[in-house]
Amino acid sequence: MLLTSRFYTALASSTLGAALVLSLPSAHAVSFNVEDAQTHDHWQSMSLTLGDERHFRAVETHSYSDATLSVNATQGVCDLPWLEMRVELDASQGESRTVNLVPARLRVDERERIHSVAEFITERADNGFYAHFYLNDIDQLIADMGQGEQLFLGFDQGEQAPWYMTFSLDGAAPALARMQTLCRRAS
């Protein structure tokens, strides 16, 4: 499988390479219907539906033309949100799989750095490359995002310098609050 994104090229160096290439038993990529979308400065909040399945999202699409950062929640389990970054690739992917697991660091403004692991995933028939973050305290991160100006992400690349991305938090507070309200109302 050839991944051509600048993001993947930066992260898939030989030090990361095939360290953890695992199959991901995932469903085919699907498109959800976007409902109730509202803009909040650099962020948006919305409902995503497909049949009876409902998710709620606060998403930042301003900082990069080919990358988004989102906080997501699912109807019925609103207290278990997750953080995800999506980078657009040049082509739809032929298979769903975990490409790698790498140490990651997150920080809102000058607050304490949060250590995490990012799982890099592709989905069959989707032109996105996803980073899912495993966080011990997502609630504190969401609270910090609502009060901050920027979210810094750093991905380890072995012996090479870490690779960084920065996302704007302008509008994150109302987008995150609305996402959580929509989810609670639907549950």
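This is a predicted model: local features need pLDDT of at least 70, side-chain atom pairs count only at pLDDT 80 or more; totals for chains, interfaces and linings use all residues.
Student: What makes β2 and β3 count as paired strands?

Tutor: Strand β2 (residues 33-40) and strand β3 (residues 43-50) run antiparallel and are joined by six bridges. Pairing asks for at least two bridges, so β2 and β3 qualify.

Student: What sits in the hairpin of β2 and β3?

Tutor: Two residues lie between the strands, and Asp41 there takes a positive phi near 55°. His42 is also found in the loop between β2 and β3.

Student: Why is His42 called partly exposed?

Tutor: Its relative accessible area is 22%. Buried would need under 20% and exposed over 50%, so His42 falls in between and is partly exposed.

Student: Which residues does His42 touch, leaving aside its neighbours within four places in sequence?

Tutor: His42 is in contact with Val59, Glu60, Thr61, His62, Ser168 and Asp170. Leu169 is 127 residues away from His42 in sequence, yet their C-alpha atoms are 7.2 Å apart.

Student: How do you know that β5 pairs with β6?

Tutor: Count the bridges again: seven join β5 to strand β6 (residues 77-88), in the antiparallel sense. The requirement is at least two, so the two strands pair. Ala67, for instance, has Val87 in β6 as its bridge partner. β5 and β6 form a hairpin with two residues between them, and Gly76 in the turn has a positive phi of about 90°. β6 also pairs with strand β9 (residues 128-134), antiparallel and over five bridges; there Glu84 is partnered by His132.

Student: Now the rings. Why is the pair of Tyr64 and Phe167 called edge-to-face?

Tutor: A pair of aromatic rings is described by the distance of the centres and the angle of the planes. For Tyr64 and Phe167 the centres are 5.2 Å apart, which meets the limit of 6.5 Å, and the planes are at 65°, which is over 60, so the pair is edge-to-face. The pair links distant parts of the chain: Tyr64 lies in the loop between β4 (53-60) and β5 (67-74), while Phe167 lies in strand β11 (residues 160-168), 103 residues apart.

Student: Are Tyr64 and Phe167 buried or partly exposed?

Tutor: Tyr64 has 26% relative accessibility, between 20% and 50%, so it is partly exposed. Phe167 has 0%, which is under 20%, so it counts as buried.

Student: What makes Arg107 sit over the ring of Phe152?

Tutor: The charged end of Arg107 is 4.7 Å from the ring centre.

Student: Which residues have the most contacts inside the largest nonpolar core?

Tutor: They are Met85, Phe133, Met145 and Phe155, in a core of 38 residues. Helix α3 (residues 172-186) supplies the largest share of this core, six residues. Phe133 and Phe155 also belong to an aromatic cluster with Phe120, Phe129 and Trp163.

Student: How many helices and strands does the chain have?

Tutor: There are three helices and eleven strands. Of the 187 residues in the chain, 44% count as buried.

Note on methods:
Residues are numbered from 1 along each chain as its sequence is written. Side-chain values use heavy atoms; hydrogens and water are left out. Helices (H or I, at least four residues) and strands (E, at least two) are DSSP runs, numbered from the N terminus. A nonpolar core is a set of buried Ala, Val, Leu, Ile, Met, Phe, Trp, Tyr and Cys residues joined through side-chain atoms within 4.5 Å. Buried means under 20% relative accessible area, exposed over 50%, partly exposed in between (1.4 Å probe, protein chains only). Rings of Phe, Tyr and Trp (its six-membered ring) pair if their centres lie within 6.5 Å; planes under 30 degrees apart count as stacked, over 60 as edge-to-face and the rest as tilted. A charge sits over a ring if NZ of Lys or CZ of Arg is within 6 Å of the ring centre and within 35 degrees of the ring normal. Contact means heavy atoms within 4.5 Å.
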